[in-house]
Amino acid sequence: AVYEMATSKAPVEDFVKEPCGYKTKSEAQYRMLLQLIKGHLAGVGASLSKLSGTELLAAYVESWENNKRAAKIIKNVFSYISRHWLAREISEGSDVLPISLVFPKLWLTEVVPKVQASLSTAVNSLLKQKREGKDVDIGLARSIAELYYFLQEQCKKIVEDGEETFKRRFLKGFVKGGADFYEAQAAPYYDDEEGFLSKFESEIWQKQEQQIAEDILIEKYVDMYKEMLIHSL
């Protein structure tokens with residue numbers, strides 16, 4: 001149907017009920033697709049915002065995987081428009097995105113703001129249990145970190161401050177969770193702040209926190225996390 005509409009000789013007005021100002025049928029399909037995806041993801045964000053804890057983490061990861069599969073299908077369905085109209089528009093500098101980037105960008109703008117604070121709380125609650133020595137699976141926290149990093153890599157050139165997505169939306173919250181936990185442990189050292197920092201670097205980091213960091217973060221962020229965490233203590 002996408003191909004038939006795009007190549008039809010009928011005017012674009014025959015396919016769009018209300019005046020739209022679209023110059024071509026391909027543009028009409030592309031713009032309507034954006035509206036559809038944006039509305040869908042706004043609903044996803046609203047539904048996820050009602051959840052908390054590990055239930056939120058699991059639902060968030062599952063929802064992302066489902067939508068990622070849907071994005072692949074949509075990319076294939078709209079392949080004709082991508083190869084022709086969209087490729088031409090991009091080469092001419094128009095403000096359009098490849099179909100492959102539509103979902104990541106709209107996920108970042110329509111879903112993440114609704115759940116970011118709750119996600120950070122849920123991740124830190126899970127990691128607090130891990131730091132307390134409880135036998136918990138922190139794989140969901142790793143999945144959230146990987147998702148933020150993926151969004152950063154996809155959106156760093158198309159969203160304002162996109163190159164800071166991972167650090168701003170995940171890493172800072174991760175640091176705060178660690179700082180809050182270790183500040184409580186530092187209570188006996190209030191008169192000797194350097195004493196606790198020395199203990200942290202020589203014992204706690206090597207025996208516990210480094211492993212947590214390596215389990216959650218990609219390698220290049222582990223040292224950055226340590227520096228940010230020590231600075232916060």
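N124 counts as buried, with a relative accessibility of 16%; buried means under 20% relative accessible area, exposed over 50% and partly exposed in between, using a 1.4 Å probe and protein chains only. The model is predicted: local features need pLDDT of at least 70, side-chain atom pairs count only at pLDDT 80 or more, and totals for chains, interfaces and linings use all residues. Residues are numbered from 1 along each chain as its sequence is written, and side-chain values use heavy atoms, with hydrogens and water left out.

N124 sits in helix α6. Helices here are DSSP runs (H or I, at least four residues), numbered from the N terminus. Apart from neighbours within four places in sequence, N124 contacts G173, F174 and G177, where contact means heavy atoms within 4.5 Å.

Confidence is given as pLDDT, the predictor's value for each residue from 0 to 100. The protein has a mean of 89, and 89% of its residues reach 70 or more. Helix α6 (residues 112-131) has the highest mean, 96, and helix α1 (residues 2-7) the lowest, 54. Where pLDDT is low, the predicted coordinates should not be read in detail.

Helix α5 (residues 99-110) is largely enclosed by the rest of the structure, because 9 of its 12 residues are buried. Among them are F103, W107 and E110. The cover over these buried residues includes α2, α3 (53-77), α4 (79-91), α6, α7 (139-155) and α8 (165-185).

S47 lies in helix α2 (residues 25-48) and is partly exposed, at 46% relative accessible area. From S47 to A59 is 12 residues in sequence and 9.7 Å in space, C-alpha to C-alpha.

Definitions and conventions
Helices (H or I, at least four residues) and strands (E, at least two) are DSSP runs, numbered from the N terminus.
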